[in-house]
Amino acid sequence: MTGDIETLEQLSTDYKESMPADLRETKSFDWYLEEVYEDPKVARNAHQRVADMFDYYGTTYDETEGMVEYQLASEDPLGDGENTFYGKVIHQSIHEFVNKVKSGARRLGPERRIKLLLGPVGSGKSHFDKQVRKYFEDYTLREDGRMYTFRWTNLCDVIQDQDPADDTVRSPMNQDPLVLLPLEQRQRVIDDLNENLDAPYTIQNEQALDPESEFYMDKLLAYYEDDLQQVLENHVEIVRFVADENKRQGLETFEPKDKKNQDETELTGDVNYSKIAIYGESDPRAFDYSGAFCNANRGIFSGEELLKLQREFLYDFLHATQEQTIKPKNNPRIDIDQVIVGRTNMPEYKDKKGDEKMEAFNDRTKRIDFPYVLSYEDEANIYEKMLQNADVPDINVEPHTLEMAGLFGVLTRIEEPDTETVGLLSKAKAYNGEIDEGDDIDTKKLREEAEAKAEIGEGMVGVSPRFIGDEIAEAIMDSKHRQRGFLSPLTVFNFFEENLEHHGSIPEDNFEQYYRYLETVREEYKERAIEDVRHALAYDIDEIQRQGEKYMDHVMAYIDDDTIEDELTGREQEPDETFLRSVEEKLDIPEDRKEDFRQEVSNWVSRRAREGEAFNPQDNERLRRALERKLWEDKKHNINFSALVSANDFDDDERSAWIDALIEQGYSEGGAKEVLEFAGAEVAKTEMED
């Protein structure tokens, strides 16, 4: 064994340092009072703490989109980027979610609503919800996110029938210690706190003690003749409260079950039958605060597939949201403080939305759409993350593989454009940011038209990333079984085609349309493969530089209405329009748009010159692409494309150079051979047709 090894001492030290120093300590109520005066944020409510949590881990502002990106989602600092989210539409949804939480923190209304994440299967709703809970756990361990609760002690000294096992009782709802103060005195403290609070919200706490704690308070006040100080000094200890989903502390997830097995007590709590024999049925000490709403108090309640719950259960959410209370059977009401988040898929949402009997519930929800990613490069990043997080065999993922898989997914999700000038593929490229200067594509308008056309919103239907990810995984294993050390788009396409009709979430009515989209993606890949081979076969840096300089000399003379010296004769002549157009036509720039393109590259060269940068056509994507294509046209007649398809001997020096050039672009040797044969066959076929 080589390298450093972890010792038990090191592991123990690291763990201890990761825990709050006061996690195991008990404090007095006086200490807590001084602490909240020193730092009023300690007494925040759930919405305020969750809102601050999003800012704590870092933010960046996207001026173009007018939204905040939260780094707990965009960078995942706790997971070293393992669980990042991709796509502007997703970050827009997260931005909208946080805005609702922040509005709730200011008591603008959303604090009394369910934050309902709505989207198709596999759109990231559950992933985001889980991420929020994970970061809330961590935040409450930090100094900035700390919160406290209390426990009752020495109860048997005063309450004669108190079970000795209950001599010390933690606050069943993990309430903030301020609730121990009567409302009038509490409000005076809170008024003082708000004068010192540096936050966009104010501290508020009008909660009543939970029924069990109220029972103890009444008994103790009676014993000490209403001397509150004696009660708090002799029978209350302040303890650190840390959210922990596994322990069901401050975090709770709730899942629908079979109708016969689901009971509302799972939400609100139930009688503690083991205590009935000791205290009696109507005694508040005989209640078990194990309902999901009880466990989530002061944190986050997460309802999975919320709208699959029976109507009767959803009624429990009415009081939980609007009144911020729960009412267990045969027990007093209980005040709650939590961010209630629900998740649901499209069929359940449509069903409940059309149900008139659900009007009150629907009115208490704030919908946040979680659509599929609509940029295929962002979609490719999802698959890249999937592969990075997995034990992937030693296999090279060839260029364009994940992007083309993502493009197929995006084509199934976006609405067909209404205009004849923009096709579906062009729209997908526009959504991916592939808009050149001069392109007559208004992305904002396309989005607005799609939102108006879609039943709920664009990106809410289509092929799930799970389907695509599953097929990529199958294609990887198939490649390994066939002893291919690479994964190519052609292999992935085959798996899409073979398994499209076997996936349960894809409606049968969409099969024919999706097969057409797959052919569109194949054609797009063909163009990219040919472009890569063109680059490998005809790439000549010196020649591209020379041709680029010549092009710019003629462009500048054209713009300035000047002449240019002929390279051979030395005579002054007009700019060579034939040469200029031979370059521009490689980008499909029409005659009536040539001046726009020439002005564009002229401005680029001038800007570079002002910055002290020398002219290099490699630095301008469009110009480089045009020059490469022209060079290809000049050379391709000297290349035997049929030989690329039929030859198996790659020892030839020229062919080996092509393989090396493709390897430099990210191909494996086997993948380079495949793309040479594939592109060579396509070009040879085109040459024969011409």
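**Exercise 1.** Work out how helix 18 and helix 19 pack, beginning with the angle and the distance between their axes.

*Solution.* Helix 18 (residues 424-431) and helix 19 (residues 443-453) pack at an angle of about 115 degrees, and their axes lie 10 Å apart; helices are DSSP runs of H or I with at least four residues, strands are runs of E with at least two, and both are numbered from the N terminus. Axes are lines fitted to C-alpha atoms, for helices over the stretch in contact, and angles run from 0 to 180 degrees between N-to-C directions. Helix 18 and helix 19 are therefore roughly perpendicular to each other (65 to 115 degrees). In the contact (heavy atoms within 4.5 Å), K427, A430 and Y431 of helix 18 meet T443, L446, R447 and A450 of helix 19.

The model is predicted, with local features needing pLDDT of at least 70 and side-chain atom pairs pLDDT 80 or more, whereas totals for chains, interfaces and linings use all residues. Residues are numbered from 1 along each chain as its sequence is written, and side-chain values use heavy atoms, leaving out hydrogens and water.

**Exercise 2.** Determine how far helix 17 is enclosed.

*Solution.* Ten of the eleven residues of helix 17 (residues 401-411) are buried (under 20% relative accessible area with a 1.4 Å probe, protein chains only), so helix 17 is largely enclosed by the rest of the structure. Among the buried residues are L402, M404, F408 and L411.

Note on methods: Buried < 20%, exposed > 50% of the residue type's maximum accessible area, 1.4 Å probe, protein only. Parallel < 35°, antiparallel > 145°, perpendicular 65-115°, else oblique.
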